[in-house]
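Q: I am new to this structure and want to learn how to read it. Where do we start?
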Amino acid sequence: MTAAKIIINEIKGYHRFVKFLIVLVSLGALASLVRFVFGLGVTTNLNDTFPWGLWISFDVVTAVPLAAGAFTLGAIVHCFHIKKLEPLVRPAIVTGFLGYSLVCVGLLLDLGQPQRCWHTMVYWNPHSPMFEVSMCIAAYTTVLFLEFLSPVCEKFGYHVPLRLLRTIEMPLVIAAASISTLHQSSLGTFFLIAVDKLHSLWYNPLLPLLFWVSAMCAGISIIIVEATMSHKWMGQPDESELLETLAKILPWVITAYLTLKLFSLFALTEGPLFNRPGLLVLFAVEMLGGVIAPLVMLMNGNVRENNRLRATAAWLVIAGVILNRFNVSMFGMEAPGTFYYPSFIESLVTIGIIAAHILFFVLIAKYFPIFEHHPETVDYSIPDNFHKTEKGHAVHGKVAGEA
Amino acid sequence: MSEMNQDFNKSKAFLIDMTKCTGCRGCQVACKQWNQLDAEKTEFFNGEGYQNPPLMSEHTFTRIKFRDYEKNGQNEFAFYKEMCMHCNEPACASVCPVGAFKKTKEGPVVYDAKRCIGCRFCMVACPFGVPKYEWSKALPLVRKCTGCYSRVKEGQKPACATTCVSAITYGDRGEMIKEANRRIATRPEKYLKKLYGAEEAGGTSVIYLTALPFDELGFKPVTKRPLPSYTWQALRLVPGIFLTVGSSLSLLSWFNHRKERIAKEEEQRKSGQAPKEES
Ligand code: SF4
Ligand code: SF4
Ligand code: SF4
């Protein structure tokens, strides 16, 4: 079978890389153990003037938009019914699920009292953006988990839960998209409270909206990069035609972002913009490299049709979003004269988390039908009665069984 | 904010007259004693002038900041008691996901250590940089001036206000503001005509009077608008956005799926199969 061949090829080709990832993940786990034994004060470079560091900036604020592929694509495919993008949905959901699970890990690591994390579910403070984000992340991780169950059930041929999952699939997709809208933007709301702390290059009342739109840019770009990479290194089928469609949607979203950003910058910002040369450079790099350059590239048809160039533009967008999140949550928050950089342990943990993401993705792709998924055999319309869904599943079950 | 219909004129406030402060640090010591805070190893001239410890911390809820300045060719000191401002609408309470901070009706903003999950959002949010963290512990909590709530609740004054001979007055916020304005009016040559804390961050329960421009003493310029309103203007849209996005996506997908279903049924009918019944 081709699937078996793919697995064997994969183990042959990626054995060393996977091993390397396992080493990184173990180092990260070890480092987080050290953090729990000795406490935040000893193991991190955080202090009273800089209470949030790399773990919030990267593991939470940056990882959440990077996991946005799932909700963007889910909405595009299922709600707008652009069926040809279907094969990309599952990998996106797996990435999203992994991303969010690791965000939870990052949050837990950063909490001073991680054993009390359940408090957010009991003591509600609806005025807190953090409350909202933690609720959303919990809900969204559950939704993604349920969506992720589909390939798992298929793999083992569980038909009854599959039918159930199929029935709730559309509500799940819609829930996922609406919840994401909320917490992607609420991450921006976090920093609205830092009125006199976050520099005006980033502080403005539209921050939540900007976070949301840029998360969509990141989501689409991640899908492009992911599909290109899994085609190149994991022997997956070439999806370029689909990616071209995505690359056509992307410039529109980027333009929307750019318009909003410029509007908020010139019409809504109150403080001085040009008083910190260092921040100005970061801002320029973010806007020129991460927004304008990919926009110009993607407006050109030749770029959209070329695998390498298209992926490059997508990478630029991703880098731009990453830099934006760091600018907002780290660089822009540093008062003049203070300087924070992550400690060795902090960096090790974050590297471990990134490695874990890639490792789990590779492993899941290896053992579950997330790429070998044949959407044309599945009836994705909203089920009208059980008869119809059953028929769809009988066919599908066979396909999964053979694979 | 809905639960904030408290009459702040009636809640207690500190009036701190920096022109009367002699820099004796009695309040610092009283605070340590009452709250049983550990001593910190300090060094003179470690920061500016005789100021020590260099910063507020988990062990120091209040401290006197020293500033050297020259007045009429003579070297003088200016002092500034740094402590939690007990904001009327505290940013710390607004952002805490588990509601560990609370503005009491008596005035002090209190912290419930049993709820805190240690996310440190309160530290990021506080415009005055007040909440401090127990960085020395494996399971750290937040620490800050309690406004001596346990004393105030019983009708007593805070420890620091009790110790201080002249510079700290404690009483109803409305009265304190009146008193401050009276002092400015009777000795206009002595005081700067501005109260710090009357409007800062939407008003606080600590009001300062000085002779020197506030920024020279190290007071941070802070917005006049209550901080919770900045995030609330976005957060209050949350349920609406959720419903709008949710329902429009539902409609959109129902519509798109229906189109497809009808097309499929049409096809089935044409190919001679028995059509499925409509639902
Ligand atoms: S000064 Fe800071 S810690 Fe004190 S009540 Fe205001 S926001 Fe809270
Ligand atoms: S650190 Fe504690 S008190 Fe501060 S915001 Fe987080 S949970 Fe609330
Ligand atoms: S009010 Fe109490 S806790 Fe606050 S500074 Fe004064 S003595 Fe210390």
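A: We start with a ligand. Keep in mind that this is a predicted model. The residues around ligand 3 are Phe14(B), Cys31(B), Asn35(B), Thr62(B), Lys81(B), Cys145(B), Thr146(B), Gly147(B), Cys148(B), Pro158(B), Ala159(B) and Cys160(B).

Q: Which helices of chain B each supply at least two residues of the shell around ligand 3?
A: Two elements are named here: helix H1 (26–35) and helix H5 (159–163) of chain B.

Q: How do the residues of the shell around ligand 3 divide by class?
A: Seven are nonpolar, four are polar and one is charged.

Q: Now ligand 1. How many residues are around ligand 1, and which come nearest?
A: There are 14 residues around ligand 1. Cys84(B), Met85(B), Cys87(B), Cys92(B) and Cys126(B) come nearest. By class, this shell has 12 nonpolar residues, one polar and one charged.

Q: Which residues are the closest to ligand 2?
A: The closest are Cys96(B), Cys116(B), Cys119(B), Arg120(B) and Cys122(B), out of 14 residues that surround ligand 2. The shell around ligand 2 divides into 12 nonpolar, one polar and one charged.

Q: Let us turn to the chains. How many residues does the contact take from chain B and from chain A?
A: Chain B gives 63 residues and chain A gives 62 residues. A residue counts if heavy atoms lie within 4.5 Å.

Q: What area is buried between chain B and chain A?
A: About 5,400 Å². Carbon and sulfur atoms give 63% of that area.

Q: Which side chains meet in a salt bridge?
A: Look for a side-chain nitrogen of Lys or Arg within 4 Å of a carboxyl oxygen of Asp or Glu. Across the interface of chain B and chain A, the rule finds one salt bridge. Its partners are Arg120(B) and Asp110(A), at 2.8 Å from N to O. Arg120(B) is also among the residues closest to ligand 2.

Q: How many residue pairs are in polar contact between chain B and chain A?
A: The count is 23 residue pairs, both at pLDDT 80 or more.

Q: Which elements of chain B each supply at least two residues of the side that touches chain A?
A: They are helix H2 (91–95), helix H3 (121–125), strand S6 (132–133), helix H8 (228–235) and helix H9 (238–270). The largest share, 16 residues, comes from H9(B). By class, this side of chain B has 38 nonpolar, 13 polar and 12 charged residues.

Q: Last, the domains. Which domains does the assignment of chain B give?
A: Domain 1 (8–225) and domain 2 (229–267). Taken over C-alpha atoms, 49 Å separate their centres.

Technical notes:
Residues are numbered from 1 along each chain as its sequence is written. Chains are lettered from A and ligands numbered from 1 in the order in which they are written. This is a predicted model: local features need pLDDT of at least 70, side-chain atom pairs count only at pLDDT 80 or more; totals for chains, interfaces and linings use all residues. Side-chain values use heavy atoms; hydrogens and water are left out. Buried area is the accessible area (1.4 Å probe) that two parts lose on being put together, summed over both. A polar contact is a pair of N or O atoms within 3.5 Å; within protein, one must be able to donate a hydrogen and the other to accept it, and residues adjacent in sequence count only if both atoms are side-chain atoms. Helices (H or I, at least four residues) and strands (E, at least two) are DSSP runs, numbered from the N terminus. Ala, Val, Leu, Ile, Met, Phe, Trp, Tyr, Cys and Pro count as nonpolar, Asp, Glu, Lys and Arg as charged, and the others, Gly among them, as polar. A residue is near a molecule or strand if one of its heavy atoms lies within 4 Å of it. Domain bounds come from an automatic or database domain assignment.
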